[in-house]
Every structure is written in structure tokens, then in C-alpha cells.
Amino acid sequence: MSKESRAEASVRGVRFAQDRSRETLRRIVEAAEEVFAEHGYDRTTAAKIISRAGIGHGTFWLYFRNKDDLLRYMLQDMIGEFESFGWFRDDEPEGPSVRL
């Protein structure tokens with residue numbers, strides 16, 4: 001196998017791993033949204049989210065330290081979506097300001 005072929009194969013492997021990682025993260029977040037909605041934040045456990053996401057316990061811990069860490073991630077993601085709207089800007093004096 002030539003150097004270029006090995007490099008191309010390596011890039012494809014990285015892309016596949018990145019796609020799989022994004023998919024796993026999406027599954028965790030969607031499962032958390034569902035379980036939080038069904039049981040409330042206090043009665044939700046990481047085990048319930050893991051089960052709903054259909055992943056292993058170790059996989060969850062690779063992404064998040066605990067459910068609080070996951071919730072912070074979800075909130076930061078939502079704030080990022082709001083900020084992308086243009087009318088919600090932290091740097092505008094008259095606009096809302098949210099800090100986590």
C-alpha cells in the first residue's frame with residue numbers, strides 16, 4: 001500500500017470515528033431529553049439515560065462526568081442556538097445576557 005493510500009485510509013477512519021462519536025453524543029442528548037421530560041431532573045439517573053440511549057455505561061462516562069455535566073452541555077448548546085438567531089446577542093447592551 002502506498003503512502004497516499006495509507007493516508008487516505010487513515011483519514012476515512014478518522015471521519016468514520018468522528019461521525020460515530022457525533023451519533024453517540026446525539027443519542028445521549030436525545031435520551032436525556034426524553035428521560036428528563038418523563039421523570040424530571042431529580043428522579044433521572046445516569047443509568048436511565050444510558051439505558052434509553054442504548055449505550056454502555058463506560059461510553060456515557062467518556063462523554064460526561066455525571067448528569068449535571070450533561071445538563072450543562074445541553075444548556076450551553078441551547079444558548080448557542082439562541083445566539084445564532086441574531087436577536088439574542090450577549091454583546092449587545094439591550095439584549096439578554098445568560099451566563100452558566
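Which helix of the chain has the lowest mean confidence, and which the highest? Colour by pLDDT, the predictor's confidence in each residue from 0 to 100: helix 1 (residues 3–43) is lowest at a mean of 81, and helix 2 (residues 46–53) is highest at 98. The chain averages 82, and 71% of the residues score at least 70. Where pLDDT is low, the predicted coordinates should not be read in detail.

Some housekeeping before you click further. This is a predicted model, in which local features need pLDDT of at least 70 and side-chain atom pairs count only at pLDDT 80 or more, while totals for chains, interfaces and linings use all residues. Residues are numbered from 1 along each chain as its sequence is written, and side-chain values use heavy atoms, with hydrogens and water left out.

**The whole chain.** Switch to cartoon and you'll find 4 helices and 0 strands, with the order α-α-α-α from the N terminus on. Helices (H or I, at least four residues) and strands (E, at least two) are DSSP runs, numbered from the N terminus. Of the 100 residues, 23% are buried, where buried means under 20% relative accessible area, exposed over 50%, and partly exposed in between (1.4 Å probe, protein chains only). As for contacts (heavy atoms within 4.5 Å), residues 24 or more positions apart account for 41% of those with a separation of 6 or more.

Select Glu23, Arg26 and Glu30, which are linked in a network of salt bridges. A salt bridge here is a side-chain nitrogen of Lys or Arg within 4 Å of a carboxyl oxygen of Asp or Glu; by this rule the count comes to 6. Arg26 pairs with Glu23, their closest N and O atoms 2.4 Å apart, and these two sit 3 residues apart in helix 1, about one turn. On to Glu30: its closest N and O atoms with Arg26 are 2.7 Å apart, at a spacing of 4 residues in the helix, again about one turn. Relative accessible area is 36% for Arg26, 34% for Glu23 and 35% for Glu30, each of them partly exposed.

**From helix 1 to helix 2.** Next, pick Glu38 and Arg52, a salt bridge with closest N and O atoms 2.8 Å apart. Glu38 lies in helix 1 and Arg52 in helix 2, so the pair ties together parts that are 14 residues apart in sequence. Both count as partly exposed, Glu38 at 46% and Arg52 at 36%.

**Around helix 2.** Which residues of helix 2 are buried? Show Ala46, Ile49, Ile50 and Ala53. Just after helix 2, stop at Gly54, which takes a positive phi of about 70°.

**Helix 4.** Now jump to Asp69 in helix 4. Is Asp69 buried or exposed? Asp69 is buried, with a relative accessible area of 16%. Leaving aside residues up to four places away in sequence, Asp69 touches Tyr63 and Phe64.

Last stop: Met78, also in helix 4 (residues 67–83), and partly exposed at 44%.
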